[in-house]
Structures are given as structure tokens and as C-alpha cells.
Protein chains: 2
Amino acid sequence: MYKPKILVVEDDPAITNLIRTTLEAQDYQYHTAKSGSAALMDAVSYNADVIILDLGLPDMDGVDIIRKVRGWSNVPIIVVSARSEDRDKVEALDAGADDYLTKPFSIDELLARLRVALRRSRTEETDMHSSGSIYTNGALSIDYAAGCAYLDGTEVHLTPIEYKLLCVLARNTGKVLTHNYILKEVWGSALASDTPSLRVFMATLRKKIEKDPSNPQYIQTHIGVGYRMIRK
Amino acid sequence: MYKPKILVVEDDPAITNLIRTTLEAQDYQYHTAKSGSAALMDAVSYNADVIILDLGLPDMDGVDIIRKVRGWSNVPIIVVSARSEDRDKVEALDAGADDYLTKPFSIDELLARLRVALRRSRTEETDMHSSGSIYTNGALSIDYAAGCAYLDGTEVHLTPIEYKLLCVLARNTGKVLTHNYILKEVWGSALASDTPSLRVFMATLRKKIEKDPSNPQYIQTHIGVGYRMIRK
DNA sequence: AAACGGCGTTAAGATTGTGTTAAGATGAAA
DNA sequence: TTTCATCTTAACACAATCTTAACGCCGTTT
């Protein structure tokens, strides 16, 4: 029996504890993150089935977190927020959230909506072809639901950052992405790493997906600007 | 452009009218049913993308409707109900509903949640390659999004300055641009470089895009003034 | 005819940007 | 704790690009 994995992003310890004990009682696996930047790091590496996200984090705008996660994943996101204005709800939902609960919320309702999200992610995984969660470009393909990349049908093992990097490029196939844009998308606005670091990840990524890394077929360099995924 | 189809199941004429006018304004197709039995009939024949369902119908229990529909379809169901008890929400969501709104609800929130449901059911993303970010002039073309220039459909490799230079000329096709104007546009400030330098870049650019560089077809020289891109 | 000014072309440093490698640092799992 | 995978940082070689200078050509002027 598979235990679903829940990523809880919340800075209020009281609510974290409430959710934690509840999830344990329901026999779910879970992982907690207390800040937006930590959440972005864990989102890929933990490979959660559902993310429960508090919008009122201290270090980042919640809606930005949704957008960034949506850049490389279709994992269901349930927003929990103290703000009850229509404007806030619409903004979060349009950014890519799947559901929106206002505090104080009923724990039973949260669990029910969690089951809805899990039910959906399970059916999407089983019939992959009806859901548009697979990217294909030449011999390269990405299964966003599974969080895996494939070359000629065989899986290519990528580290979390390499995977995010590939997804950002794939979602913008044909467009040149500047170094800064990529850094912000992959690392998050707050702790943006530097360009030299991006280069080394680009090198390892190319070594894994390009047949001749010195003559790239997929990821083209635009000197002084950035990189670009080529449609094959 | 495909118009999503919404099936509205609601017996209160006031709310039906509100939703109806809103859906029309948003350019959605819709169909209304006033009773549970009618809804079940239409759910099959209308083949909706989303169902908006009022639980308080006179002839049938709303949760039963959800279960029956789920017997043959995974179409997203958004419940709208006057009952705000946790028990009711949990029951409806566990029966197969995707979302639950309590009356009175905000029409903006309903629309946002509708978009969430549609986003999920939509099979393919819009292709952005038909966007108008491509310049064409004779055999010459520029893809601004890709940051590339093409001659007869094959890519021409340009250095950053050459590319900027070409873009400035292309954006002002037919107009004569002075040396100073071009220098300011390409280098950022007139002080950065001088006219002799501009000549060098013009020569290399012509070598790349002109079939006979000594007899330019695209970039014409205006002695003592500047250059001009010719519309072909 | 000779001189001059504006332009195109070429080539040689100088400069910047990039790919690559490898050695610590970090953090999670056993 | 150890072990393993991953990330960060630094350094260096190499490639691409930019700048600068020199030279030849053409048309016009003196």
C-alpha cells in the first residue's frame, strides 16, 4: 500500500503541528518546510504528491512560489491563507493553485480536499496520455507527473537542480532565456546563485542529455545572453 | 479557438441568470438543467468540460447525482451549495466533486475555480509559435523570441552586436538611421564606440546576410548620413 | 592631376564569456 | 558516527567577440 507524500509549507508552528498530527493519524507521509526558499528546494527533491502551501511566508511572495513550482511540475497545490479577499483567491488560483482555503479552516474539510487532490493525481498517473503532462522533443522527453527525463525512452537520472533547469528550458522551447531569468526560476528570487554556477550545471546537464556535449543539439548557447532549447 | 462547454445544474432562477450572463461575458458555451434527472440526461448528451452543480435540487439528492456521474465520467464537478457544514462538504467531495463553494459566493471566485477545472481538463497547451514576434523581409527573417536571424530559412549565426544592429535596422525598415542614432541604440550611449567601429560591424553583418556584400540588397549606405534597411 | 574625405575591408591584439575540471562544503540517509 | 549524493566555489584553458589600426578604393574638389 502506497503512502501519499504531502509537502507542508507553513511557518506558523501551531498550524504545522495540527496538520502534522492529523497527517500522521491518516497514515500519510509528510515533509515540512518553513520558508519559501526551502519549499522550492524540497518541491523537487521530495517529489510530493500534494503541496499544502501557506501564502503568508516571511521570505517570499506565495504567488511567486506557485508560479515557480508550476514552471517544472503539475503537482496539486492547496493554498491555505489568512487572506479571504476575492482578489487574493483569484490571483493564487490563476497562478496555478488547485484549491484555496481561508484560515481558520476545518481540518476535516482540508482532509477532504486533500483526498480530492490525491484522487486526481492518481488518475492522472494511470492514464498518462490524456493528461498533457508529458513533454517530447526529438529523442528527449519529460514526464512532469513522474518527475523524470528520458532519452530514447530510457530514463536519465537528473539531480533536482538539473531537472528544474531542463524543465524551465523545455517549457520555453524556442525562446532564449537570459541567465538571470533562469537563475531566478530555478534557484528562486531570494537566493539567486551566480552565473558561474549555472555554467557548471549546464555542463553536467549537457553531458547527460546531449550525445555530443561539445556540439549541443538541444541546448544552444547565446553568448552574452543565455540559453535556448531548440525544437527538433 | 475552442469555447469550453459548461453544464449548469441549478433550480434557482436568480442564480442561473447570474451565472448565465457571466458565462456569456466570458465567451463560454453553456447549457442549463433545472432538475437532477434532467442533469443526468444532459451530462451524457452535452459532453461538458465542466459541471457546475447545485446540491439543493428538489427532485434528487445532490450527492447521488455526483456518484452517478462519476460512474461513467471524470468530468470536473464544481458544487455550489447553501449548506456550509463540514459534513456536507466532506460528503460531496468524497463522493467525487472537485470543488465546493458555499452560497453566497463571489462570482469572481467561481470563475477562477472554473478556470482551474478547465486548465486541468485541457489536453494541450497553446502553441506560442504562431505569435507575431517574427520579422520577415524578403529571404531575411528574425525570430525575436529565439534571438536568431534566418536567411532562406536557415539560421545565420550573429554575434550580440551584429544581432542588435540588425534588429535596429529591421525595426526601422525603410527609414534612414544616422550613425549617431545607431550607435546610441546598439551600444547604449554614443560614447561607447565610434563610427569606424560601426563600419566594421556593418561589413561583417553584410558578409553574413548579403549574397553579394559589395552590392547590398538589404542594407543601403547613405553617404555622410547613415544606413537604411530596404523593404523588399 | 593631385589631394582630400568618406567608406569598405582586413587582420592583429585585447577583452570578455564560456566550458570544464576538481576540490571542499553541505546535508540527508543508513 | 560514516557514507553517499549533491551542491558550491574556485581556477584555468580555450573560444568567441570586440576594439583598434592600417590600407585601398571611389568620387569630388582644388
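1. Chain A of this predicted model contains eight helices and twelve strands. Its C-alpha atoms occupy a box of roughly 55 × 35 × 30 Å along the principal axes. The radius of gyration is 18 Å, which agrees with the value near 17 Å that a compact globule of 232 residues would have.

2. Of the contacts with a separation of 6 or more, 59% join residues 24 or more positions apart.

3. Now for the DNA. By type, the surface near DNA strand D has ten nonpolar, six polar and three charged residues.

4. Do have a look at the backbone, since most peptide bonds are trans. The bond from A:Lys103 to A:Pro104 is cis, with omega near -5 degrees, and A:Pro104 sits in the loop between strand 5 (99–102) and helix 5 (107–126) of chain A. In chain B, a cis bond joins B:Lys103 and B:Pro104, with omega about -5 degrees; B:Pro104 is in the loop between strand 5 (99–102) and helix 5 (107–121).

5. Two non-glycine residues with positive phi are also worth a glance. A:Asp152 has a phi of about 55 degrees and lies in the loop between strand 8 (148–151) and strand 9 (154–156) of chain A. A:Asp152 is exposed, with 10 other C-beta atoms within 10 Å. B:Asn47 has a positive phi of about 55 degrees, in the loop between helix 2 (36–46) and strand 3 (50–54) of chain B. B:Asn47 counts as exposed because it has 12 C-beta neighbours inside 10 Å.

Terms used. Residues are numbered from 1 along each chain as its sequence is written. Chains are lettered from A and ligands numbered from 1 in the order in which they are written. This is a predicted model: local features need pLDDT of at least 70, side-chain atom pairs count only at pLDDT 80 or more; totals for chains, interfaces and linings use all residues. Ala, Val, Leu, Ile, Met, Phe, Trp, Tyr, Cys and Pro count as nonpolar, Asp, Glu, Lys and Arg as charged, and the others, Gly among them, as polar. Helices (H or I, at least four residues) and strands (E, at least two) are DSSP runs, numbered from the N terminus. The radius of gyration is taken over C-alpha atoms; the globule rule is 2.2 Å times the number of residues to the power 0.38. Two residues are in contact if their C-beta atoms, placed from the backbone, lie within 7 Å. A residue is buried if 20 or more other C-beta atoms lie within 10 Å of its own, exposed if 12 or fewer, and partly exposed in between; C-beta atoms are placed from the backbone.
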